[in-house]
Amino acid sequence: MGEEKLFCKGGGCTAKLGAGILSRILERIPRGAEDPDLLIGYDSHDDAAVYRLTDDLAFVQTLDFFPPLVEDPYTFGQIAAANALSDIYAMGGEVKTALNIVCFPETMDLNILGEIMRGGAEKVIEAGGVLAGGHSIADESVKYGLSVTGVVNPRTVYANDTPESGDALILTKPLGVGIILCASRVGEASEEAVAAAIQSMTTLNKSAAALCRGYHVHAVTDVTGFSFLGHLHEMMHGTHSCEIFASQVPVFPEALRHADEFLLTAAGQRNRNYVGDAVRFDGVPFSMEEVLFDPQTSGGLLISLPEQEAPALLKELRESGLPAAIVGRVTEAAAPEILVK
Amino acid sequence: MIKVNAIGDACPIPVVKTKNAIRDLNGPGTVVTLVDNEIAVQNLEKMARQKGYGVQAEKLGDNQFQVTMTVGAGDAAPAPQEPVVCQPQRSGKKNTVVVIRRAQMGGGSEELGKTLLKGFLFALSQQDQLPTTLLFYNGGAALTCEGSGSLEDLKTLEAMGVEILTCGTCLNFYGLTEQLQVGEVTNMYTIAEKMTQADLLVEP
């Protein structure tokens, strides 16, 4: 790869604006007339929109892009694409078409851009979609991602905020990639940990979403920039509460070590500011708190489904090679909204 | 005392530089870190609390903050699990609502009125009995926005649990919507509700 390195200083989903600022802005944006066929829009804090065309066909539309979070451009392309495609899977949809979103400095070596787009294209193909075009903007710094369109049956679309009391919560990927990459930027992360984080981020949520089809899943979201607790908070939607079993949550062990050394992102602290009031920790170590607030890039699915069905789905997820775990259960609305113990 | 300049550094660099400085102290002492954003301040404070260091943060100006950490002799001791509560809970039981309807206090000289209001808001933050809510509307809306001399006092009040609400229509009218610096935007329904449900309505 030689010279083809990217300069990264905090990319991936750590580069997102905080949820706190965002919700203040979104509240004030004019909505226009309500369209009954818009089944999921930004009212539900979802990253994607679902629009019904006929009784059994809706399209799912999403986009995501961000600055580099790893130095290798091909790997960056793969991660950015897997992350953008994930929103389709979180809705229970099937990927159809994708368009590239590119910001790239005019003075930089175009081979680097080629590598980024090759990585992205491979993931779109793996997802079963067609890369149909895109736009490129000359910019001071590199950013890459996809706009993705998929289809879903509107009757079986997964919302992210409709869990039911008595549900079990399953998480399909380990947490802590944000902290590991943060530590890597200051030369503290081990090669093994970075490789494991990359392997996780380039894994599509395709098979996890497909396996959900066999169960009475009530709510699904993908865990990304707002952290496990941030997305969990959106899932509870003020209508439910939950208990999280900290010792059961899959994490990258090295992330805990770096959290104890305070190698933490700004985005993680913004997540704590945004959602911290809804959370009570009961005997949870500081490092685990930080991992639960850590912004994830291309994170796993968080699935809410009836407790009695959870072991069977968990078994299938594990057999497909995902390090999934049952991490908590949903209860009636109570205070605190999220109890981590 | 060691000074650390972390202006322009993204997290976790400010924390890494500060940790290195604390190691260089080689014992008790003080490390003063300059950063350019509040989140970096919070990440530094988090480390200090976990490590049991004394910590004090101060805003020096726009995008400039100073965090002073004091490392004591006994700081090898493990940090307490729960962060120390910095501010005593002083909210009274009575539901007191303070209404700021213009940018000055009292009639007469505008210059004097502005100084008086600034003094009032500071004095308010020092009370044993804190109000439940502060409402800002019409000319008062400027007080919660960029350029207001009372932002620090209002942020202190907010940190102590006082609800700070500014009329959204007023912000919009004066073109201040993007300049709001403290508290939340509210509407006339909430303003009417807060005022009618107050045990005591205070207007300086």
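**Close-ups of a two-chain model**

**View 1: the loop around B:N138.** B:N138 sits in the loop that runs between β6 (133–136) and α4 (151–159) of chain B; helices (H or I, at least four residues) and strands (E, at least two) are DSSP runs, numbered from the N terminus. This is a predicted model, where local features need pLDDT of at least 70, side-chain atom pairs count only at pLDDT 80 or more, and totals for chains, interfaces and linings use all residues. Residues are numbered from 1 along each chain as its sequence is written, while chains are lettered from A and ligands numbered from 1 in the order in which they are written. B:N138 isn't a glycine, yet its phi is positive, near 45°. With 15 other C-beta atoms within 10 Å, B:N138 is partly exposed (buried means 20 or more such atoms within 10 Å, exposed 12 or fewer, partly exposed in between, with C-beta atoms placed from the backbone).

**View 2: A:S298, another positive phi.** Here phi is about 50°, and A:S298 is no glycine either. Look for A:S298 in the loop between α10 (286–293) and β11 (301–306) of chain A. A:S298 counts as buried because it has 31 C-beta neighbours inside 10 Å.

**View 3: two cis peptide bonds.** In chain A, a cis bond links A:A335 to A:P336, with omega about -5°. A:P336 belongs to the loop between β12 (325–332) and β13 (338–340) of chain A. Over in chain B, B:C11 and B:P12 are joined by a cis bond too, with omega about 10°. B:P12 is in the loop between β1 (2–5) and α1 (13–25) of chain B.
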